[in-house]
Amino acid sequence: RIRGGAAGKHQKRNMSSSSSEHIDVERDTIIVNNRTLPVEERPSKGGCDTFVIVVSWFFLIITFPVSFCCAFKQVDEYSRAVIMRLGRIRGGAAGKHQKRNMSSSSSEHIDVERDTIIVNNRTLPVEERPSKGGCDTFVIVVSWFFLIITFPVSFCCAFKQVDEYSRAVIMRLGRIRGGAAGPGLFFILPCTDDITIIDLRVRTYDVPEQEVLTRDHVSVKVNAVVYFRVSNPTRAVIAVENYVAATQLLSQTTLRGVIGGLSLGEVLSDRSRANNEMQEILDEATDEWGIIVQRVEIKDIHLPQALQRAMAAEAEAEREASAKIIAAAGEKDAAKNLAKASTIMATAPGALQLRYLQTLNTIAAEKNSTILFPLPMDLLGAIRQFAAPSMQTNVNMPGALPPDESYSSEEFV
C-alpha cells in the first residue's frame with residue numbers, strides 16, 4: 001500500500017509539504033508558504049535532522065584533531081562547491097577557499113591583467129583581498145607554526161625555483177595570490193599554497209590530417225602546424241582546464257572551417273590567405289585563455305588520385321595547345337621574313353652568292369661524309385640564257401602549248 005506521498009530532500013515527508021517549497025538558486029532564497037526566506041533560515045522539517053546534526057558534531061569533537069582534517073575542504077579559484085546537508089541545498093555554491101554562499105562570491109571579480117580584484121564595487125590589489133572568515137586565518141597560523149617548529153627541514157619545501165622561461169601561479173587556500181611569480185627563487189607556505197608552473201616557450205602542434213569538403217565540393221586532406229605560447233599564466237590556469245588540449249582541438253575545427261569556405265583553386269594557389277585567416281580566428285578565440293597564436297602554416301594538401309590524373313591531363317592539353325599556337329606564330333613570322341629576304345636577294349644578285357657560300361661553310365663545318373661540288377652562279381646564268389631561245393622555238397612549233405602569260409621565260413625554265 002502507498003505510504004503517504006513522495007519523500008525527499010532529507011528524511012521522509014509527504015508530497016504536500018514539499019510542494020509548498022521553491023528554491024530560487026539565483027538569489028539564494030526559498031519560498032515557503034508564500035514567504036521568501038534565505039536558504040540558511042529554511043525551517044526544519046522535524047527532529048530527525050537536528051538529532052543527526054548533533055550526533056555529527058559530537059563525533060567531530062571527540063575525534064579532534066583527526067576529524068578536522070576531514071571537516072575543512074578547499075575549493076580553487078576556478079571551482080565552486082554545491083553543499084547539501086541531509087539532502088537539502090545549503091546556500092549557494094561555495095568556492096575560492098572555505099565554503100561560502102554564492103551571493104558573497106558573486107560580488108568579487110578578478111582582473112588578471114592588472115592583478116586587482118573588485119569587491120563590492122571597490123578595486124583592490126589581490127594581496128589586499130579581504131578574508132572570508134576565521135578558518136583561513138587559523139589554517140595559515142597552524143601552517144606557520146609547523147613551519148617554524150620543523151625548521152630547517154621545512155624551509156627546503158618553502159622555497160621554490162622557477163626557470164627563466166616559466167612562471168608560477170600561486171594559490172593560497174584556493175585563492176589567487178597576486179600575479180605569476182618568477183623567474184628565480186620565491187617563498188611559499190607549505191600545506192596552504194599550491195603552485196602551478198606554466199611554460200612560456202612557444203609550443204608547436206602538428207594538426208592531424210583532416211578530410212575536408214571545399215566550397216566547390218572537392219574532397220581534400222589537409223594538415224597544418226600551429227605555433228602558440230602563453231602570454232598570461234594566470235588566465236591559462238583559471239580560464240581553461242587544459243589550455244594545450246583546448247588550443248589543439250580548436251585548431252582542428254578551425255582548419256576544417258577555413259578550408260571548407262575556400263574553393264580548391266584558392267586553397268592550392270593562395271595558401272597565405274588560409275594561413276592568415278586561421279591565425280586571426282585562433283588568436284581571437286584563445287585570447288581569453290591567455291594564449292597567443294603566433295603562426296599557422298598549412299603543410300600538405302592531398303588530392304584524390306583520380307583528380308590528380310584529371311588535372312595532369314588538363315595541364316598537358318593546355319601546354320600542347322600553347323605549343324601549337326606558338327609554333328604556328330613562328331611559322332607565320334618566318335614566312336614574312338623569308339618573303340622580305342627573297343625581295344632583297346632579287347634586287348641584289350651578290351646576296352644570293354653570299355648566302356650560297358655561307359651555306360657551304362655551314363655544311364663543311366660539320367663532321368660528315370657529304371661531298372660538295374661547287375657550281376659557279378655565273379654558269380647558271382649562261383645556261384639560262386642559252387636555254388631561252390630553244391624554249392622560244394619549241395613554243396612556236398605546231399601543236400605546242402602556249403606558255404602561261406603570267407610567267408616569264410626565266411621563271412618557266
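Predicted model: local features only at pLDDT ≥ 70, side-chain atom pairs only at ≥ 80, totals over all residues.
Two residues are in contact here when heavy atoms of theirs lie within 4.5 Å. Leaving aside residues up to four places away in sequence, Arg 256 touches Gln 210, Glu 211 and Val 212. Arg 256 itself sits in helix 8, which covers residues 243-260. With Val 212, the C-alpha to C-alpha distance is 6.0 Å, although 44 residues separate the pair in sequence. With Gln 210 there is a polar contact from side chain to side chain, at 3.2 Å. Arg 256 has a relative accessibility of 40% and therefore counts as partly exposed.

A second residue worth a visit is Thr 214, located in the loop that links strand 14 (203-213) to strand 15 (219-230). Its relative accessibility is 4%, so Thr 214 is classed as buried, the limit for that class being under 20%. The side chain of Thr 214 makes a polar contact with the side chain of Asp 216, at 2.5 Å. Beyond its neighbours up to four places away in sequence, Thr 214 touches Val 220, Ile 259, Gly 260, Leu 262, Ser 263 and Leu 264.

Seen as a whole, the chain contains 14 helices and 16 strands. Of its 413 residues, 28% are buried. Among contacts with a separation of 6 or more, 59% join residues 24 or more positions apart. On the surface, Trp 57, Phe 58, Phe 59, Ile 61 and Ile 62 make up a nonpolar patch, and their accessible area together is about 580 Å². Trp 57 belongs to helix 2, residues 47-62.

The cysteines complete the picture. A disulfide is a covalent bond between the sulfur atoms of two cysteines. Taking sulfur atoms within 2.5 Å as the criterion, the count of disulfides is zero. Cys 156 takes part in none, as the nearest cysteine sulfur, belonging to Cys 157, is 6.5 Å away. Cys 156 has a relative accessible area of 62% and is therefore exposed. Cys 191 is likewise in no disulfide; for this residue the nearest cysteine sulfur is again that of Cys 157, at 8.7 Å. With a relative accessible area of 75%, Cys 191 is exposed.

Methods
Residues numbered from 1 in each chain as written. Heavy atoms only, no water. Buried < 20%, exposed > 50% of the residue type's maximum accessible area, 1.4 Å probe, protein only. Helix = DSSP H or I, 4+ residues; strand = E, 2+ residues; numbered from the N terminus. Patch = residues over 30% accessible without salt bridge, like charges linked within 9 Å, V, L, I, M, F, W, Y side chains within 5 Å. Areas by Shrake-Rupley, 256 points an atom, 1.4 Å probe, with all protein chains shown as cover. Salt bridge = Lys/Arg side-chain N within 4 Å of Asp/Glu carboxyl O. Polar contact = N/O pair within 3.5 Å; in protein donor to acceptor, adjacent residues only side chain to side chain.
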